[in-house]
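Please examine the sequence and the three-dimensional model shown below.

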Amino acid sequence: MQQFIDSYDFTGKKAIVRVDFNVPLDENFNITDDTRIRRAMPTLKKILEKGGAVIIMSHLGRPKKVDPKFSLSHIVDHVSECLGVPVQFAADCQKADEQAAALKPGEALLLENLRFYAEEEGKPRGLAEDASEDEKKAAKKAVKESQKAFVKKLASYADCYVNDAFGTAHRAHGSTALIAEYFPNDKMFGYLMEGEIKAIDNVLKNAQRPLTAIIGGSKVSSKLAVLKNLVGKVDNLIIGGGMGYTFIKALGGHIGQSLHEDDLMPDALEILNTAKEKGVNVSLSVATVCGQAFDNDTPRQIFDIYNIPDEWEGMDASPASLENWRKIILASKTILWNGPVGVFELPNFAKGTLQIAQDLADATAQGAYTLVGGGDSVAAVTQMGYADKVSYVSTGGGAMLEAIEGKILPGIAAIQD
Ligand code: AMP
């Protein structure tokens, strides 16, 4: 049965808390962005305040074996600083029995990177490239078997389980989903997860209308399932960024050197047809800022999106497209944004994406509910200083995308089941 942080009695209990401390580090192992650490603090602090102790677990990077570069020891001091209590460190997440047993109320222990063990992901490692299907199957079976003991060991440290790692909620890993089995009556979401789930529900389940989704980014292929799910739910679908050119080409436009995926043109047309049948307004770019090379200093010129000359490439939304989109955004009551509407990493082609961040902040000020997710969209909102001027900034790129595809995330199901 699912419990809730606010009503659960943590007095004298040890909580094992899955967080997402997968933070970027520079070459000297300094944290370059501690957002993920800060966003987990309300949950950890609350448990300590309520008389519990916390055993914190996370992954960092994608190590394929024990690798000091990916050690969570690099962040333990910063976590202590943020939490306001000294955090102890367990150098092996499978050998923390004594440290966990000795924890007193108000104390915290951080376990070493869970992904030092293949069992966390439950995927075999070190398989020869020419391994046969039988060998692959046997290796998979072996890691699944040993995964049970791995998860059981983690569970043995604690009295209750809290999942506050939205960034990994779309993974059915040991610490994100399987461990919940050991706490049938003592499992709950942390505040961050609660916030993310509510934000997605505000858009997908309880949206105030009109509901608008702005989907950008590089490829139709990576967001096909998102587009297919949203087209049945929204009132307006704004499609921008690199993926827009596949739609324009499918509609007979001439897109020059712009990014496109020919094999996805039928899907693009199907999305447009579904939208028409359902009365959804799809808004594509009308004109586009083009460059002659994928370079910040390349010459720029605006062309009609259906008539881009051969040697030019569409790289950012034009003022005319942005004006259309701003009108739609400001007339909406709920807005979801995922993906840049131009090549955001090149400052000369970031204007469109920054303008969308501005539009969302303005819509929020008028009372709309706005949810922003995905690396570049979040970066644009943050760069404008608007992280507090939109309703919710998601911490999970992949997890948010899977949620808006309409999938049930394993990390969420494991608690709600
Ligand atoms: P995604 O990860 O799918 O959200 O895509 C983000 C990437 O889309 C960024 O790296 C952008 O540079 C890229 N992108 C956006 N618009 C364009 C465009 N017009 N041409 C090429 N890449 C683009």
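How many Å² are buried between domain 1 and domain 2, and what percentage of this area do carbon and sulfur atoms give? The model is predicted, and its domain assignment divides the chain into domain 1, residues 2-189, and domain 2, residues 198-404. Between these two domains an area of about 650 Å² is buried, and carbon and sulfur atoms give 59% of it. On the side of domain 1, the residues that lose the most area to domain 2 are R39, F166 and H170, which together account for 82% of what that side buries. Counted by contacts, six residues of domain 1 meet ten residues of domain 2. The centres of the two domains, taken over C-alpha atoms, are separated by 35 Å.

The next subject is the packing of helices. Two packed helices are described by the angle between their axes and by the distance between those axes.

In the pair formed by α1 and helix α2, which comprises residues 76-83, the packing angle is about 60 degrees and the axes are 9 Å apart. Helices α1 and α2 are therefore oblique to each other. Their crossing is right-handed. From α1, the residues I37, M41, L44, K45 and L48 meet H78, V79, C82 and L83 of α2. By class, this contact of α1 with α2 consists of seven nonpolar residues, one polar residue and one charged residue.

A second pair consists of helix α10, residues 319-330, and α11, whose axes come within 9 Å and cross at roughly 20 degrees. Why are α10 and α11 described as roughly parallel? Angles under 35 degrees count as roughly parallel, and α10 and α11 are therefore placed in that class. The crossing of α10 and α11 is again described as right-handed. In α10 the contact is made by L322, W325, R326, I329 and L330, and in α11 by G352, Q355, I356, D359, L360, D362 and A363. These residues divide into seven nonpolar, two polar and three charged.

Helix α11, which spans residues 351-365, also packs with helix α12, residues 375-383, at an angle of about 70 degrees and with the axes 9 Å apart. Which class does this angle give? An angle of 65 to 115 degrees counts as roughly perpendicular, and α11 and α12 are therefore roughly perpendicular to each other. The crossing of α11 and α12 is right-handed. The residues in contact are T353, L354 and A357 of α11, together with A380, V381 and Q383 of α12. Four of the residues in the contact of α11 with α12 are nonpolar and two are polar, while none is charged.

Is the peptide bond from R209 to P210 cis or trans? This bond is cis, with omega near 0 degrees.

Notes:
Residues are numbered from 1 along each chain as its sequence is written. This is a predicted model: local features need pLDDT of at least 70, side-chain atom pairs count only at pLDDT 80 or more; totals for chains, interfaces and linings use all residues. Side-chain values use heavy atoms; hydrogens and water are left out. Axes are lines fitted to C-alpha atoms, for helices over the stretch in contact, and angles run from 0 to 180 degrees between N-to-C directions. Helices (H or I, at least four residues) and strands (E, at least two) are DSSP runs, numbered from the N terminus. Angles under 35 degrees count as roughly parallel, over 145 as roughly antiparallel, 65 to 115 as roughly perpendicular and the rest as oblique. A crossing is left-handed if the near helix is turned anticlockwise from the far one by less than a right angle, and right-handed if clockwise. Contact means heavy atoms within 4.5 Å. Ala, Val, Leu, Ile, Met, Phe, Trp, Tyr, Cys and Pro count as nonpolar, Asp, Glu, Lys and Arg as charged, and the others, Gly among them, as polar. Domain bounds come from an automatic or database domain assignment. Buried area is the accessible area (1.4 Å probe) that two parts lose on being put together, summed over both.
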